[in-house]
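Q: I would like to learn how to read salt bridges in a model. Could we work through some cases?

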Amino acid sequence: MAAARRLKRVVASQTGFLNLKATSDPEGLVSSSRKRVNKNKKKNWNKHSDINDVEEFLEDVRHQERTTGGLISEKSDDSLFFLDIGQPKKLEQKAVEPVEGRKRKGKTQRPLRIDLILQRDSLVPPPKDVLAYQQPNAKKLRRIAQKAEQLAAKGVVPRRQKRLLDRRPIEQKAKKAVTEANNNPDRDFYNIWDQETKETADPWYLQQTGKKRVTRPVRLNEKPSVLPAVEVIAPGGSYNPDFFSHQALLQEAHEVEVKKQKQEDKIEKQLAVNKEDTATEETTLREQVEGLVEEEIEDDDEASDEDEEGAAVGAIALAEKKTEKQRKKEKAEKIKEQQRLASKLQTKQQQQLFQLRSIKATIRNEEHKTKSRQIKRKTQQEAQKAQPRRLGKLKFQAPDMEVQLSDELAGSLRQLKPEGSILKDRFKSLQKRNLIEPRERAKFKRRLKLKYVEKRAFKEIT
């Protein structure tokens with residue numbers, strides 16, 4: 001290729017040569033003077049080197065690999081040539097099938113056009129994905145595996161495997177779970193809606209893998225109140241109640257109202273103003289004069305107090321120092337007093353021996369009082385279980401009793417007047433059973449004041 005191009009350049013440089021092919025390639029317009037290029041520099045290798053023959057060779061190799069799966073020069077003769085001996089003679093002609101059957105059979109054997117398009121037209125195998133075969137720390141793992149094989153050949157068991165063997169029970173053998181037949185009438189009933197699942201695996205394994213369920217605390221199973229969800233009203237609350245049951249209900253409602261009245265009276269009594277405590281002219285004058293008359297007496301008292309303090313200070317300064325004889329005497333009196341108290345305590349303990357009966361009686365009385373207090377405390381605790389607890393800043397206020405007076409009773413359901421609200425009743429029941437805290441309706445507070453404007457049409461009327 002390079003020799004042919006060189007020949008073209010030589011012919012084109014001759015005088016009288018006509019170039020019939022118009023080209024804009026600068027190589028076609030070869031100048032008479034040869035351009036000198038320094039090929040020792042790397043930047044001029046690709047720029048001024050002719051590599052077309054190498055590229056054509058590589059393209060030919062790639063074409064052979066795509067079409068035949070490799071170089072033709074490396075393939076065997078059997079794969080490239082075959083012996084043509086003509087068409088083989090048919091031994092026996094099969095029974096003639098209907099035309100429609102042959103067509104249908106040929107259609108089924110012929111592949112679809114879309115499948116032919118999607119088939120690979122290159123015989124070059126896909127490149128091997130090196131990353132798919134790589135493993136992190138492969139050399140280290142290979143070295144560990146080789147060391148383990150060497151230890152196993154010597155009969156040495158690793159420490160980790162030894163601990164696993166020690167922990168595993170030797171006598172017990174794992175039995176395969178035998179699945180029962182579906183038509184067995186004695187099999188256990190399985191509830192698919194049951195929340196609890198049977199844990200058949202090893203508990204230690206479940207604990208280590210984090211699949212073991214946490215045991216539910218016992219206190220979560222306790223109800224916050226012993227009261228029922230729906231309280232049935234007394235028989236006196238019926239639309240046609242018995243006389244005595246209705247009177248008992250009225251008496252209960254009366255006691256509730258009396259209790260409320262007593263609370264209101266108590267508050268009024270505490271807030272009432274005593275007439276004797278009201279200010280008069282005499283009391284106001286006494287308050288105004290108070291502190292002005294007794295100033296002179298207080299000044300005299302202060303002077304006398306200062307004299308007494310001076311005398312006391314002088315007495316302290318003039319106190320004589322105790323002699324050694326006086327100290328010994330005080331120490332002997334102190335020892336004598338301690339001995340007297342010890343002897344008195346001893347005699348008292350000896351006398352208690354003769355009071356064993358009375359002491360036992362007092363102990364029995366104390367025990368009886370303690371038991372009575374315990375019983376009383378337990379009854380109070382049981383009674384408090386039925387009472388609503390303090391869950392928030394507000395106290396629970398029981399709703400008003402729905403009671404009808406004797407003249408308001410209806411003889412039939414048609415004449416019965418509805419009372420109360422089911423929604424309020426359920427809301428109060430949740431508060432009473434300590435499921436929600438007592439609440440009150442949020443008060444609407446206007447941020448901006450309202451502005452009243454009289455319209456022009458209204459002014460004209462007025």
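A: Start with D425, which is partly exposed at 43% relative accessibility; buried means under 20% relative accessible area, exposed over 50%, and partly exposed in between, with a 1.4 Å probe and protein chains only. This is a predicted model, in which local features need pLDDT of at least 70 and side-chain atom pairs count only at pLDDT 80 or more, while totals for chains, interfaces and linings use all residues. Residues are numbered from 1 along each chain as its sequence is written, and side-chain values use heavy atoms, with hydrogens and water left out.

Q: Which side chain meets that of D425 in a salt bridge?

A: Side chains of opposite charge can pair when their charged atoms come close. A salt bridge is a side-chain nitrogen of Lys or Arg within 4 Å of a carboxyl oxygen of Asp or Glu. Here the partner of D425 is R426, at 3.3 Å from N to O. R426 is partly exposed, with a relative accessible area of 30%.

Q: How many salt bridges does the structure hold?

A: There are 11. One of them links E324 and K328 at 3.9 Å, N to O.

Q: Where do E324 and K328 lie?

A: Both are in helix α13 (residues 324-352), 4 residues apart, about one turn of the helix. Helices are DSSP runs of H or I with at least four residues, numbered from the N terminus. E324 is exposed at 57% relative accessible area, and K328 is exposed at 56%.

Q: What is the N to O distance between E382 and K385?

A: Their salt bridge spans 3.5 Å. E382 and K385 lie 3 residues apart in helix α14 (residues 356-385). K385 is partly exposed, at 43%.

Notes
Helix = DSSP H or I, 4+ residues; strand = E, 2+ residues; numbered from the N terminus.
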